[in-house]
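Visitor: Please show me the structure. I would like to ask about its helices and its core.

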Amino acid sequence: MAGTGSQGEGLRASVSRSDRLVPRVVLRPLQEFLRTSTAGSVLLLFAVVIALIWANSPWREEYVRLWHTPASIHVGAWQVEEDLRGWVNDGLMTLFFLLVGLEIKRELTTGELREWRAATLPMIAAIGGMLVPAAVYLAINAGGPGANGWGIPMATDVAFALGVLTLSATFAPPSLKPFLLTLAIVDDIGAIVVIAVFYSGGVRSGPLLAAGLVIVVIVGLRSLHVRSMAVYVVLGIAFWFLVLRSGIHPTIAGVILGLLTPAVPFQRPRAVSEEAHRTADETVDDPFPPDADAHWWLRLSTLSKEAVSPLARVEHVLLPWSSFVILPLFALANAGVELSASALHEAATGRIALGIVVGLVVGKFAGVWLATLAAVKLGVGRLPDGVGWGSLAGLAATAGLGFTVSLFVADLAFRRSPLLAEAQVGILAASILAGVLGYGVFRLARSDRRSSGQ
């Protein structure tokens with residue numbers, strides 16, 4: 001039986017939970033903030049501000065030089081050579097899209113997209129919110145040099161949109177959050193398809209065939225119940241490299257790997273719980289030597305991990321890195337737009353920025369709101385409980401915050417082109433307008449909640 005420990009009962013608290021001054025005043029408040037739903041969007045906004053200040057300061061050349069610094073990886077005859085900005089956009093953003101793939105897989109297996117009846121309305125809203133902005137942009141830019149940017153206003157940045165929704169929590173009904181999340185997931189699926197089909201280079205069959213073989217190996221190892229994460233990490237890197245060499249944008253590799261990740265744990269939680277009780281009965285609190293029972297606890301540690309699905313484990317590891325490192329780095333590398341008088345005048349008079357602003361602010365609002373209205377009137381779906389048309393208008397306006405994915409698509413559409421700067425200015429302006437408009441509409445629509453008795 002387990003003996004009595006000499007250092008007291010219960011779990012030992014970490015340093016951050018102690019009553020010392022620094023943990024109490026600094027560490028615990030910081031941890032609480034990082035757990036909030038707005039923490040990632042606040043850090044992302046901070047990175048945008050830093051990039052804009054840096055790019056419009058006397059040190060602008062250092063900013064440009066930094067992100068154009070070449071960096072390469074050589075493995076024998078194979079090599080990948082990019083500048084730092086390219087590594088962020090093509091490399092780190094693959095991990096962001098891996099998270100997108102995991103979220104899509106979760107929604108398809110256990111979330112809103114599993115129940116088609118519940119998912120129908122936000123799916124229709126998302127489709128309207130993609131088609132109308134693209135059509136608006138093309139109507140303004142048809143036949144011009146910026147026509148290839150039609151995919152830019154299709155996106156919704158879920159981090160910033162959720163941030164606006166959280167700030168509007170006093171005025172917005174809680175049932176809007178799952179509606180927005182489902183809309184954003186479908187929006188991500190649309191963005192992935194657009195990137196893969198329209199914004200990838202010429203496809204090379206050799207690397208693409210090799211990438212397909214890697215997927216076959218991954219599926220085969222899954223069927224053989226191979227559980228080593230290291231094996232799948234190595235295969236995932238190989239798959240990313242081959243997709244990059246094939247001409248398809250490498251972020252698509254992240255989405256595919258996310259969709260292939262198992263959503264069911266290898267071990268049943270009850271069986272692991274029974275094993276934990278047996279381990280507790282077979283060990284003592286203070287063995288001698290101290291690691292005499294280590295083999296028991298190492299085995300239980302492995303079983304405990306396997307009681308959580310690979311999808312949840314990968315998501316748990318990647319989510320803080322995506323929110324607090326990858327997306328802020330992406331913003332720092334891509335939001336450094338020169339806001340000189342000439343650049344602002346060029347954007348204000350150019351069709352690209354106009355198409356983006358009108359597409360995201362007006363087109364996104366009209367597409368989401370009108371598609372939802374049509375679906376409800378036709379009896380295809382119904383609004384979530386407590387949501388009125390005013391609150392839905394706030395959500396439709398907030399959906400025009402396309403920042404991260406819009407910048408990503410703009411880079412693909414106008415890479416190394418002078419048109420990219422105009423597109424970036426348009427995205428920044430549209431995101432600010434959409435965020436302010438969404439918050440304002442939520443405030444005006446507060447009567448919806450009162451009339452519904454909430």
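Visitor: Is the crossing of α5 and α15 left-handed or right-handed?

Guide: First, this is a predicted model, where local features need pLDDT of at least 70, side-chain atom pairs count only at pLDDT 80 or more, and totals for chains, interfaces and linings use all residues. Residues are numbered from 1 along each chain as its sequence is written, and side-chain values use heavy atoms, leaving out hydrogens and water. Helices are DSSP runs (H or I, at least four residues), numbered from the N terminus. A crossing is left-handed if the near helix is turned anticlockwise from the far one by less than a right angle, and right-handed if clockwise; α5 passes α15 in a crossing that is right-handed.

Visitor: At what angle do the axes of α5 and α15 cross?

Guide: Axes are lines fitted to C-alpha atoms, for helices over the stretch in contact; angles run from 0 to 180 degrees between N-to-C directions. Helix α5 spans residues 116–141 and helix α15 residues 351–377. Their axes come within 6 Å, and the angle is roughly 145 degrees.

Visitor: Is aspartate 90 buried or exposed?

Guide: Aspartate 90 lies in helix α4, residues 84–109. Buried means under 20% relative accessible area, exposed over 50%, partly exposed in between (1.4 Å probe, protein chains only). At 4% relative accessibility, aspartate 90 is therefore buried.

Visitor: How many residues does the largest nonpolar core have?

Guide: A nonpolar core is a set of buried Ala, Val, Leu, Ile, Met, Phe, Trp, Tyr and Cys residues joined through side-chain atoms within 4.5 Å. Phe97, Ile356 and Phe403 have the most contacts inside the largest one. Its residue count is 87.

Note on methods: Helix = DSSP H or I, 4+ residues; strand = E, 2+ residues; numbered from the N terminus.
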